Amino acid sequence: MYKVYCDDFLLYADSHDNYKIVSPKLELELNKAGKFTFSIYPNHPHYGLIKKMKSIIRVYHEDELVFRGRVLNSEKGWINESKVTCEGELAFFNDSIIRPYDYISNGQITIRDFLSSIIEFSIFCF
């Protein structure tokens, strides 16, 4: 059983007729950001809550998180449905800016410490 959430709002659940999305497609690859696409119609209770580059989409399978990402693009279709494209959370680093810094001369730092500092800073910014 799959469930899809936009932020804290339910978008899709097998057991709820009012919470349906159309043509969901999840693409996952090792060491890639992943991609999730779907369409949603205006009669959906949470149709207007999906915001480009702001909303976080989560996909669960049997209560296990299999995808987490943000809405990259949303476009209107012929019958006013919204076609949504999401990129996985690994792509969040595409927007990261790492300022020049000499990590070697400013004390011994390991690769683990360096990556941890980048991740902590990225989480703080979101």
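**Exercise 1. Which residue in strand 7 does K35 stand opposite?**

Let's set the ground rules. This is a predicted model, in which local features need pLDDT of at least 70 and side-chain atom pairs count only at pLDDT 80 or more, while totals for chains, interfaces and linings use all residues. Residues are numbered from 1 along each chain as its sequence is written, and side-chain values use heavy atoms, leaving out hydrogens and water.

Step 1: strands are DSSP E runs of at least two residues, numbered from the N terminus. Step 2: strands pair if DSSP finds at least two bridges between them; strand 4 and strand 7 run antiparallel, joined by six bridges. Step 3: the residue opposite K35 is E87.

**Exercise 2. Find how strand 6 meets strand 7.**

Step 1: seven bridges pair these strands in the antiparallel sense. Step 2: K76 stands opposite S82. Step 3: five residues lie between the two strands of this hairpin, and N80 in the turn has a positive phi of about 70°.

**Exercise 3. Explain why strand 7 is largely enclosed.**

Step 1: buried means under 20% relative accessible area (1.4 Å probe, protein chains only). Step 2: five of the seven residues of strand 7 are buried, so the rest of the structure largely encloses this strand.

**Exercise 4. Identify the residues that touch the most other members of the largest nonpolar core.**

Step 1: such a core joins buried Ala, Val, Leu, Ile, Met, Phe, Trp, Tyr and Cys residues through side-chain atoms within 4.5 Å. Step 2: among its 16 residues, the answer is L11, F36 and F38. Step 3: strand 4 gives the largest share of this core, three residues.

Conventions:
Buried < 20%, exposed > 50% of the residue type's maximum accessible area, 1.4 Å probe, protein only. Helix = DSSP H or I, 4+ residues; strand = E, 2+ residues; numbered from the N terminus.
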